[in-house]
Amino acid sequence: MQEKPTTVAAYAAGASLAAVALFYVFGPNYTIDGDESNDSNRKKSIVGLSNLANDCFINSVLQALAGLGDLRVYLIHELHRRQLDGPEIYHTLPSEHELSPARSDKLRELQQGITTRALKEMLDRLNERPIYKKIISARDFIQALEYAFRTRISRNQQDAQEFLQIVLERLCDEYHAGARARQRALGAIDAAASSTAGEEGSTQESSSEVEVRIDDGSANGLPAIIDTKLKEIDQESGFPFEGKMESQIECQFCHYQYKPNQTAFVNLTLQVPQKSSTTLNSCFDGLLKTEYIEDFRCDRCRLQHAVDAKTTELARARTQGDRDRLEQEITRLREALETDPEAELEGVVFPPSETAPKRRIARHMRITAFPKVIAIHLSRSIFDQSSSSKNAAKVSFPERLPLGSILSQKWYKLLAIVCHKGSHHSGHYESFRRNHIYPPFSTPEVFSSYAQSRSASQNPSATASPRIIPRSSPDADGGGNISRAGSSTSLSGASATQLSPPQPPPQPRPTTSGSRHSFQSTTSRSSKQTLSPTSGNNSPTTDQGRWSPSRPSHSIPRPSQDAPTGVSSRLRRRRKPNDRWWRISDEKIKECKTSDVLGMQREVYLLFYELEKAEASGG
C-alpha cells in the first residue's frame, strides 16, 4: 500500500533533522560554531552591544575586556572559590571595629563580589559565537555597577578611561575584601585547631588541611578537605590588573637615597607629548625616566646643617646648661644621621627652615610587580587657561611590548585597544579585539602526531637508516660496525643500490581543483621519467628534491632545503599566526588584520597587553 504524501514528508523532515543534529554534535567546529570552518564565504561575527543612550564608551571597554583571557580565568577562579567557601564566610564582618550600617553594607557587598559576578556574566555573554547576528545590552552590568556605588553613571561626562578605572578599582577592592574575609576565617580555624591541640597536650604542629562539610542537600553534607594556606594561593592568582610601582629619591649632593615609596596601580596613564608623532616607548620614558628636581630640602643635608649650626653655637655657649643641652641635641642628630635621617626628632630645635640648604635631587620610577594584564591610557588632553583640546599626535605601538630591565624583562602581547574619533568634547569610541581562543579550547597541534607518523611512513628521512656494511667493503672493520649515511665517504654506487633499493615517491594529496590538475600532470610526467641503471645516463632522477640511488657517487647528497619533507612540513608551512581581529563599533562588527590595528595611531586611546607565558616569550 502506498504511503500518504504527508507521512513521507514527515519521515523526510525527521531524517533531515536527525542528520543535522548528528552532524552538529560530532563536528560542530566545522559546521556552525567553529571559526575554522572550511566555508570561508560564511559570515562570521561575534556578539555586539546596543547603544541606546550614548553608551559607546561603555561598550568599547566591555568588548576589550571580553578579549582578555587572564581576566576571564581570574573571574572563573574567584567565583568558584567563593562558591566552595560558602556564603557565610563573605557575609561575616570583622568584629574588631565598630562600623556604621552604611559602612557595614558596603564592606559586605565588597566581600560578596557583586561587580565581579556581574562582569563575569557579561563577558560570558560577549564571548558567545552566535550563528546569526546577535546584539545584547549591557544594562544588567551597568545596574550592578550603579548599585555598588549607589549612584548613576552619567552619560554626559563619557570617558572610556574613567569608566575603566571605576570598574578595575571596584574589582580590585572586591578581590582584597574577599581575601581578607578568607584570612579571618582561616585565623578562626587555626585558633580553634590550636586550642584543641593544647587541650590534648599535643606538641605536633597543626596541619594546614582542615576537613569540612559541603552542603549538597544530604543530611551530613559532602566531606571535603581544604588547604588553609590560601595566602600563597592569593599571591599567585591575584587580581590580574594589579601591579606595583616604586619611586625613589636620591640627593645629588650627599647621595642619600630615600626609602622607596611603593604604590599599587590597576592601569597606567602615559602623557602623549605635543608633537606630530611619537612612540609608546617614548611615552613610557616620560613616566619611568629619571627626573631631576631643583630646590629640594634633603633631610640628611638638613640634619648635617643642624649639626654644624649647633656645633658653632656650642663653641659660643657660656652657661653649662646650654652646653649640656647642645651636646645632647648634637648626639641625637648624629645618631639620626647614621641610622634614619627621615625619622622625626622630638625635643630638638632645628634652625629656621629657610636657612636649610636646597639641593638637586633625582627621582627614579620603576615597575616592581608586573601585572598579568596591563592597561595603558594615553592621555591626549591639552589644557590651557581658557579651554581644552585633544592631542592628535600619532602614537606608534608594537604588537609585542617589552617592559622591565634587561635582566628581568617581561614581554606583553597586544590583545585589544580602544580608539576615539572626534574632538575633546565629542566623538565616538570603538574597540579592536583579537580573535583567538585560549587552551584547552584551542588545539593548534591537533594533527601534529598524525602528520609526524604519516611523514615517517611515506617520506623517509634524507639521512639513511643505519645499515651493516659487508666485510668485503673497504670501509668495514673486522667487527662489522654500523656505518651511517652522511658520515661514510667511500660507499660505492653498487653497494648503495644493493643495500638501499629505490622506493616509490610519495604522492601529495590535492587540496584544491587547481592543485589537483597540477598534481595529475606532475604524476603523469614523473611516471614516464624512469631511469634504468644500465642506460648510461648520469643525470639524476629527482622527485620532490630526492635523488635516485641508482646514480654512482662517492657521497650521498642531501635533499634541497626548500623541498617539502612530508605532510608535517606542508602543514607547518601553511600554518599562519592568528592575524584576525574584530573591529567593533557598538552593534557593527567586521573583521580586520593586525596591520589595521597598528595603523590606528591617531585614534588609539586605551591599550591592553597580556603577559606572555614562559613558553611563548621566546617567539
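Reply: Let's start with a pairing: strand β11, residues 373-379, is joined to β24 by five bridges, and the two run antiparallel. To find this pairing in the predicted model, look for Ala375, whose bridge partner in β24 is Phe608.

Now turn to another neighbour of β24. Strand β16, which covers residues 410-422, also runs antiparallel to β24, and seven bridges join the two. Here a handy residue to look for is Val418, because its bridge partner in β24 is Leu606. So β24 has bridges to β11 and to β16.

How covered is β24 itself? This strand spans residues 604-611, and seven of its eight residues are buried. As background for looking at any strand, side chains in a regular one alternate between the two faces of the sheet.

While you are in this part of the sequence, have a look at Asp586. This residue lies in the loop between β22 (581-585) and β23 (588-592). Its phi is positive, about 60°, although Asp586 is not a glycine. Is Asp586 buried or exposed? With a relative accessibility of 9%, Asp586 counts as buried, because the cut-off for that word is under 20%.

You can find another positive phi at Arg150, with a value of about 55°, and this residue is not a glycine either. Arg150 sits in the loop that links α7 (139-149) with α8 (160-200).

Now let's step back to the whole protein. There are 17 helices and 24 strands in its secondary structure. Of its 619 residues, 32% are buried. If you take contacts between residues at least 6 apart in sequence, 69% of them join residues at least 24 apart. The protein exposes about 38400 Å², with 52% of that supplied by carbon and sulfur atoms.

Finally, a word on confidence. The mean pLDDT of the protein is 75, and 61% of the residues reach 70 or more. Over residues 20-42 the pLDDT is below 50, and this stretch has 27 contacts in the model beyond near neighbours in sequence. Residues 201-207 also stay under 50, and for them the model has two contacts beyond four places in sequence.

Definitions and conventions: Residues numbered from 1 in each chain as written. Predicted model: local features only at pLDDT ≥ 70, side-chain atom pairs only at ≥ 80, totals over all residues. Heavy atoms only, no water. Buried < 20%, exposed > 50% of the residue type's maximum accessible area, 1.4 Å probe, protein only. Helix = DSSP H or I, 4+ residues; strand = E, 2+ residues; numbered from the N terminus. pLDDT = per-residue confidence, 0-100. Contact = heavy atoms within 4.5 Å. Areas by Shrake-Rupley, 256 points an atom, 1.4 Å probe, with all protein chains shown as cover.
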